Amino acid sequence: MPSDFLRRIFSLMGNILSFVLDVPQKYKRNLFLETDNISLSSMVYQGENMLVIESKTVNGCRVLLNRTDLIKLQYLEWSIVETVIRKTNIIRPLVLKQFEIIGNYIDREFTNVQLPPKTIEEMIIFIKNLKAEHIIKNVDLNFASQLKMFAAPKLAEQRLRWSREISSEVIKP
């Protein structure tokens, strides 16, 4: 769930809790919030009012929260908001910077290879074989291993595109 969606859920928590704590009424469905990707509504399930968080992009992806779940969620609100803020303001910029550092490291290593990778698959293998400890040194939060594991396809696309641009510029008279 996107962080802004979570914030919107918390801003609606009073309305949501008042509905969920109310006496269940069959066939009464409230739509609390709807975006392009997610809808937040209510329904009665097994005689209990439930909050329904449903993906509009993934068919059948739905989470039902009962009153106990919602009270726990409200109890965790500050922790969730703090975590989202930390990830958005601190971790995300670090990861993006390290992504750039890895890209630059790949560029340097790329020039040292006799047969550079030509396809995305070859580039992914090349990236995954790089030693994480050589890429980023003296950093407290090092995401190099995770970036190699989860962002290798994006790194590969970016670096192959860059290497093709450089080689086509070198060939031009």
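Biologist: What span should helix α4 have, and how far apart are its end C-alpha atoms?
Modeller: Helix α4 runs over residues 77-111, and at 1.5 Å a residue its 35 residues should span 51 Å, which agrees with the 49 Å between its end C-alpha atoms. The expected span is 1.5 Å times one less than the number of residues in the helix. Helices (H or I, at least four residues) and strands (E, at least two) are DSSP runs, numbered from the N terminus.

Biologist: And what kind of model are we looking at?
Modeller: This is a predicted model, in which local features need pLDDT of at least 70 and side-chain atom pairs count only at pLDDT 80 or more, while totals for chains, interfaces and linings use all residues. Residues are numbered from 1 along each chain as its sequence is written, and side-chain values use heavy atoms, with hydrogens and water left out.

Biologist: Back to α4, where does it bend?
Modeller: The bend of about 40 degrees is at Ile91, and a proline, Pro93, follows within four residues. The bend at a residue is the angle between axes fitted to the seven residues ending there and the seven starting there.

Biologist: Changing topic, how do β1 and β2 run, and how many bridges join them?
Modeller: β1 and β2 run antiparallel and are joined by three bridges, where two strands count as paired if DSSP finds at least two bridges between them. They form a hairpin with three residues between the strands, and Leu31 has Ser41 of β2 as its bridge partner.

Biologist: What about β2 and β3, over how many bridges do they pair?
Modeller: β2 and β3 pair over eight bridges, again in the antiparallel sense. Val44 stands opposite Asn49 in β3, while Ser42 stands opposite Leu51.

Biologist: Why do you call β2 largely enclosed?
Modeller: Because six of its eight residues are buried, β2 is largely enclosed by the rest of the structure. β3 is mostly covered too, with six of its eight residues buried.

Biologist: What sits in the turn between β2 and β3?
Modeller: That hairpin has two residues between its strands, and Gln46 in the turn has a positive phi of about 50 degrees. Gln46 is a residue other than glycine, and Gln46 counts as exposed because its relative accessibility is 70%.

Biologist: How many bridges join β3 to β4?
Modeller: Four bridges join β3 to β4 (residues 62-65), and these strands run antiparallel. Ile53 has Val63 in β4 as its bridge partner. Their hairpin has six residues between the strands, and there Gly60 takes a positive phi near 85 degrees.

Biologist: Is Asn49 buried or exposed, and why?
Modeller: Asn49 counts as buried because its relative accessibility is 0%. Its side chain reaches the backbone oxygen of Phe19 at 3.0 Å. That is a polar contact, meaning a pair of N or O atoms within 3.5 Å; within protein, one must be able to donate a hydrogen and the other to accept it, and residues adjacent in sequence count only if both atoms are side-chain atoms.

Biologist: What else does Asn49 touch?
Modeller: Leaving aside neighbours within four places in sequence, Asn49 is in contact with residues including Val20, Asp22, Pro24, Met43 and Asn66, where contact means heavy atoms within 4.5 Å.

Biologist: How many aromatic pairs are there?
Modeller: The structure holds one aromatic pair. Phe19 and Phe32 form this edge-to-face pair, at 6.2 Å centre to centre and with 70 degrees between the planes. The pair links distant parts of the chain, with Phe19 in helix α2 and Phe32 in strand β1, 13 residues apart. Rings of Phe, Tyr and Trp (its six-membered ring) pair if their centres lie within 6.5 Å, and planes under 30 degrees apart count as stacked, over 60 as edge-to-face and the rest as tilted.

Biologist: Last one, where does Asn30 lie?
Modeller: Asn30 lies in the loop between α2 (13-21) and β1 (31-34), and Asn30 is partly exposed, with a relative accessible area of 22%. Not counting residues up to four places away in sequence, Asn30 touches Phe19, Leu40, Ser41 and Ser42.

Conventions: Buried < 20%, exposed > 50% of the residue type's maximum accessible area, 1.4 Å probe, protein only.
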